[in-house]
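Colleague: Please take one part of this model and go through it closely. I would like the helix packing first, then whatever surrounds it, with cut-offs stated.

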Amino acid sequence: MKDESIKKVLILGSGALKIGEAGEFDYSGSQALKALREEGVSTVLINPNIATVQTSEGVADQIYFLPVQPYFVERVIAKERPDGILLSFGGQTALNCGVELDRTGVLKKYGVRVLGTPVKAIMNTEDRELFVERLDEINVKTIKSEACENIQQARAAAKTLGYPVIVRAAYALGGLGSGFADNEEELNTLCEKAFSFSPQVLVEKSLKGWKEIEYEVVRDRYDNCITVCNMENFDPLGIHTGESIVIAPSQTLTNSEYHKLRALSIKIVRHIGIVGECNVQYAFDPQSEDYRVIEVNARLSRSSACK
């Protein structure tokens, strides 16, 4: 049922060709703009990249060739006064921008409703500590880890967990600031890099050699869920997706393994409260049916966007 109070919607677009923003998100954003047009909703797009489909004439009603950053987005909101905003169609940069707009009260100030996945759910997936807490509530396994906000905490966590460990930066895309550390010297180097652009890192026990599996899930606000596809990295955990080959659908999972991870994906997405598209990434033990959830992204993944 269409919400008649939503007359104009702002979409944060795919942005420049750099980590956190990229042309592959052009597809999801273009589809969203087309869907809104079919519903008779006026659309405003922020996207500095002229080499995209979504910035072509006739796709959006109004286009601003501006960076997807809170400073510029607030000024577009002040001018256009949209009723709603979509955050999950522009990659990681758009998600981070939306969280910041909510945190600073900009969305509330101008009465802009977040459509699709709520900001609280985005924060539950992006903040590593909150993420683990949420999945613990439904007894879903995550990699043993500790969220750290400074180098001293990271060193203590690594000693507790035992080397080797993996360091992951929160609110990042493309493995930025992430990597394996076999000792404290390597940990210091990784953390110095990660903390330069992220307020939080996750130090977790290494599962190097496990399979890396991913499920694309779409959920609507009525709680209907579908798994659009599942994927398998050609390389095991430890080689980033961007430097590996991704195969869809997975080729080495048994029927039992496939359905086990599929059911878990739907359970996770429902519990977190995603509305729209998202992906769930797993580490899966090739010697058993043991698994760990690596992360959930409240947006399309780069892998499936390129399909």
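Modeller: A crossing is left-handed if the near helix is turned anticlockwise from the far one by less than a right angle, and right-handed if clockwise. The model is predicted, so local features need pLDDT of at least 70 and side-chain atom pairs 80 or more, while totals for chains, interfaces and linings use all residues. Numbering runs from 1 along each chain as its sequence is written, and side-chain values use heavy atoms, without hydrogens or water.

Helix α7 covers residues 151-161. Helix α8 covers residues 184-194. The pair packs at about 140 degrees, with axes 10 Å apart. Axes are lines fitted to C-alpha atoms, for helices over the stretch in contact; angles run from 0 to 180 degrees between N-to-C directions.

Which residues of α7 and α8 make the contact? From α7 come Ile151, Ala154, Arg155, Ala158 and Lys159. From α8 come Glu184, Leu187, Asn188 and Cys191. Contact means heavy atoms within 4.5 Å. By class, the set has five nonpolar, one polar and three charged residues. Here Ala, Val, Leu, Ile, Met, Phe, Trp, Tyr, Cys and Pro count as nonpolar, Asp, Glu, Lys and Arg as charged, and the others, Gly among them, as polar.

Now the sheet under α8. Helix α8 packs on it and touches β7, β8 and β9 (201-205). The direction of α8 makes about 150 degrees with that of β8. The sheet is open, with four strands in the order β6-β9-β7-β8 and antiparallel pairing (two strands pair if DSSP finds at least two bridges between them). Strands β6 and β8 (179-181) are the edges, each pairing on one side only. On average, neighbouring strands are turned by 25 degrees against each other, direction ignored. Three bridges join β7 to β8, and these two run antiparallel. Within this stretch, Val167 stands opposite Gly179 in β8.

Pro164 sits in the loop between α7 and β7 (165-169). The peptide bond from Tyr163 to Pro164 is cis, with omega near 0 degrees. A further cis bond joins Ala248 and Pro249, with omega about -5 degrees. Pro249 is in the loop between β12 (246-247) and α9.

That brings in α9 (residues 255-272), which packs with α6 (residues 128-136). The angle is about 115 degrees, and the axes are 10 Å apart. So α6 is roughly perpendicular to α9. This crossing is right-handed. Phe131, Arg134 and Leu135 of α6 meet Ile268, His271 and Ile272 of α9. These residues divide into four nonpolar, one polar and one charged. Past α6, Asn139 lies in the loop between α6 and β6 (145-148).

Strand β4 (residues 84-86) runs parallel to β5, and three bridges join them. Gly84 stands opposite Arg113 in β5. In the loop between α2 and β4 lies Arg81. Arg81 is not a glycine, yet has a positive phi of about 50 degrees.

Asp290 lies between β13 (276-284) and β14 (291-297). Beyond four places in sequence, Asp290 touches Lys141, Trp210, Ala283, Phe284 and Asp285.

Technical notes:
Angles under 35 degrees count as roughly parallel, over 145 as roughly antiparallel, 65 to 115 as roughly perpendicular and the rest as oblique.
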